[in-house]
Amino acid sequence: MNDAVLRVEGLSTYYYTDKGVVRAVDGVDLVVGENEVVGVVGESGCGKSTLAASVMRLLQPPAKIVKGSIFFRNVNLLELPEEEMRKIRGKKISMIFQNPASYLNPLLTVEEQMVESMTLHLRISKQEAASRAVNILEKLGISAPDTVIKYYPHQLSGGMKQRVMIGMAISCNPELVLADEPTTALDPTIQVQILEQLLELRKNLGLSMVVITHDLGVAKAICDKIYVMYAGKIVEEGKVGDVFNRPLHPYTYGLLESALSVYEKDRPAKFIDGAPPKLVEEIKGCYFANRCFNKVDRCLIEYPHPSFKNGRKVYCWNPVGD
Amino acid sequence: MSAEYDFKSFLLIKVVRSFVMVFIILTIGFLLIHLAPGDPIEFILGGAGFYTPEFIASVRERFGLDKPIHEKFVIYVLNFLRGELGYSYVFGLPVVEVIAARVPPTLLLMGTQLVLVIVVGSLLGILAASRPHSKLDYLVSSLSVAGISMPIFWLGLLLIFLFSVSLGLFPAQGMTSLRVTGWWEGFLDLLSHLFLPTLTLFLINLGLVTRTVRTSMLEALRSEFVVAARAKGLPERRVLFRHAFRNSLTPLITLIGLQLGWLLSGAVIVETVFAWPGMGRLLFTSIGSRDYPVVMGIFLLVSTAVVVSNLITELLYAYVDPRIRRAK
């Protein structure tokens, strides 16, 4: 498995709060291959964003990575000194954030924000960086990019802001892009455009990507491989077609059902009853057991071991359809 | 572009508003001073009881004190528009001259401390905010509270006791020594006189600036664009100054704006404690001697300074934040 761009092994990131330890990411394994788009899906609060922040080592206290390793091109990022990690951030691994309105600095122009990472990582002059920025924005479908580049974020529409964010993320030719809910804050019509943009980038630049989303439509549209995350743990992984056509974990099944009932009017709405456990509680069995329609006695006693099937992996004692 | 035009009209409105404000202040100040008890004639003549009523009346007439208040007001406003503020009863000199002689020492003292406070306070605030709840943060915070809660005259006396009386390092009074010759010697002498009053004001104001910067920096550091800046791999110093500090400037500008207004008058206590020949002390003595024209002149100057510094503050907001520049 040496061809993997990113290999996360047994990663645990905990938040040490006053109320107790929140195990936001709990023993997660994840592999991203060359030119592969990997989706991490799950409902809000399941630890998806913490996972991304852990890979970038952007966590602030009280969050802390407690165990595991993150190999990027076979270098363990968790063992790098901060200064080396800084040279990887924005250059080799970059990030697209959920809400472009608040992730862009309101007091700096688009140009100032795009140029600063290029002059830093690529060691090119400001003029060169500026013309590169214009090129990138043009490729991302912004008309009159040389005007837009002089604008401040508040003068841009939501879609334009997200394009600028994407432009910033790819400006230094990264090998891996982490996209944390890249379309969530956008209008549906813009969402489609941005998704197409991401697909195009992947094709043209040979990028590897991790797309974090709660939107199954997004995951289905652009991912090769899917990891389903629940309460800080990966519960199921597999190729996108397999997971969507024949979900194995009851949680994935429920997630798909509830998503489909939104799109297909005739379909009776199905919800997953209850809420995810508070990650502070110590739970013995499967974290999903209290909400599961398919549970067996064993689910309440012991956390499921992974079972493998045609390159798929699921953590469940009683998978759907067996 | 139209934004350019908008900015000009924005500026014009602000300037016109400032002039109106100064006129209103002038009116209120004039009324207040004339309604206050005490008769300047007592101080002009040094005990009116020794003089005949005819003589007192003639002095009153000479100084224009016999005219009704509305007439005095009209004369004052007309003179004000010509840049004249009347004559000091005590010094017998034009008020403009009396005040002008006292402005440079005050500006020197307040300007020096303001620059020091802004630079040192900002750095300490940024440092404390970048390591919240560290020992350094607690140290800076406790010192700030100590500075804010210490009475200024008491701190001044303590510093005089320490540096002048016990250690004999710095002079406690005045701005210059007699019998100092030469440019360089004069400069050193001025610096040594400047040290204690500046230090007093510095220690008092430092806490306020530090706390303000720390709070707004903590807020800015929590913003998502700071996460984005870190995700770009920018060095921490650049994240702190270019991204976080710029976004936390507004409260600091407000604070400095308020302080600028005080520049000319806020030194009353310190100037009195250290016998600094500035405007603060002039105001203090003029009030004591009912020298109305001087009091009124200082009052006007300080109010104008406050109005102008408010104007500058608003322009600075617009300079720092493009969103304000665009809105109206």
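The following legends describe close-up views of a predicted model.

**Figure 1. Chain B as a whole.** Chain B contains 15 helices and zero strands. Along the principal axes, its C-alpha atoms occupy a box of roughly 85 × 60 × 40 Å. Chain B has 328 residues, of which 33% count as buried. Among the contacts in chain B between residues at least 6 apart in sequence, 71% link residues that are at least 24 apart.

**Figure 2. The two domains of chain B.** The domain assignment divides chain B into domain 1 (18-84) and domain 2 (100-326). Taken over C-alpha atoms, the centres of these two domains of chain B are 35 Å apart. Where they meet, 11 residues of domain 1 of chain B are in contact with 12 residues of domain 2 of chain B. On the domain 1 side, helix H1 (2-35) and helix H2 (40-45) of chain B each supply at least two residues. H1(B) gives the most to this side, with eight residues. By class, the domain 1 side has eight nonpolar, three polar and no charged residues.

**Figure 3. The two domains of chain A.** For chain A, the domain assignment gives domain 1 (34-56 + 177-315) and domain 2 (93-173). The C-alpha centres of the two domains of chain A are separated by 30 Å. Contacts between them involve 18 residues of domain 1 of chain A and 16 residues of domain 2 of chain A. Helix H1 (48-56), strand E7 (176-180) and helix H8 (188-205) of chain A each contribute at least two residues to the domain 1 side. The largest share of that side, six residues, belongs to H8(A). The residues of the domain 1 side comprise 12 nonpolar, three polar and three charged.

**Figure 4. The contact between chain A and chain B.** This contact draws 23 residues from chain A and 19 residues from chain B. On the chain A side, at least two residues each come from helix H2 (82-88), strand E6 (93-96), helix H3 (100-103) and helix H4 (110-121). H4(A) provides the largest share of the chain A side, four residues. The chain A side consists of 10 nonpolar, eight polar and five charged residues.

Figure 5. In soluble globular proteins, nonpolar side chains tend to be buried together. The largest nonpolar core in this model has 133 residues, and Leu178(A), Val210(A) and Val211(A) touch the most other members. Helix H8 (residues 183-221) of chain B supplies the largest share of this core, nine residues. Apart from this core lies another, of 18 residues, among them Phe30(B), Tyr76(B), Val294(B) and Val302(B). Leaving aside residues up to four places away in sequence, Val211(A) touches Val37(A), Gly39(A), Ala179(A), Pro182(A), Val218(A), Ala219(A), Ile222(A) and Cys223(A).

**Figure 6. Helix H7 of chain A.** Helix H7 (residues 158-170) of chain A has 13 residues. From its first C-alpha to its last, H7(A) reaches 19 Å, close to the 18 Å expected at 1.5 Å a residue. Because 11 of its 13 residues are buried, H7(A) is largely enclosed by the rest of the structure. The buried residues of H7(A) include Lys161(A), Arg163(A), Val164(A) and Met165(A).

**Figure 7. The surroundings of Leu104(A).** Leu104(A) is located in the loop between H3 and H4 of chain A. Leu104(A) counts as buried because it has 24 C-beta neighbours inside 10 Å, and the cut-off for a buried residue is 20 or more. Apart from residues up to four places away in sequence, Leu104(A) touches Gln113(A), Pro153(A), Lys161(A), Val164(A), Met165(A) and Phe225(B). Leu104(A) and Gly39(A) are 65 residues apart in sequence, and their C-alpha atoms are 24 Å apart in space.

**Figure 8. Backbone details in loops of chain A.** Most residues other than glycine have a negative phi, and most peptide bonds are trans. Pro61(A) and Pro62(A) are joined by a cis peptide bond, with omega about 10°. Pro62(A) lies in the loop between H1 and strand E4 (63-72) of chain A. Arg123(A), although not a glycine, has a positive phi of about 55°. Arg123(A) belongs to the loop between H4 and helix H5 (126-139) of chain A, and Arg123(A) is exposed, with 9 other C-beta atoms within 10 Å. Asn173(A) is not a glycine either, yet has a positive phi of about 50°. Asn173(A) sits in the loop between H7 and E7 of chain A, and with 13 C-beta neighbours inside 10 Å, Asn173(A) counts as partly exposed.

Technical notes: Residues are numbered from 1 along each chain as its sequence is written. Chains are lettered from A and ligands numbered from 1 in the order in which they are written. This is a predicted model: local features need pLDDT of at least 70, side-chain atom pairs count only at pLDDT 80 or more; totals for chains, interfaces and linings use all residues. Two residues are in contact if their C-beta atoms, placed from the backbone, lie within 7 Å. Ala, Val, Leu, Ile, Met, Phe, Trp, Tyr, Cys and Pro count as nonpolar, Asp, Glu, Lys and Arg as charged, and the others, Gly among them, as polar. A nonpolar core is a set of buried Ala, Val, Leu, Ile, Met, Phe, Trp, Tyr and Cys residues joined through C-beta atoms within 7 Å. A residue is buried if 20 or more other C-beta atoms lie within 10 Å of its own, exposed if 12 or fewer, and partly exposed in between; C-beta atoms are placed from the backbone. The expected span of a helix is 1.5 Å times one less than its number of residues. Domain bounds come from an automatic or database domain assignment.
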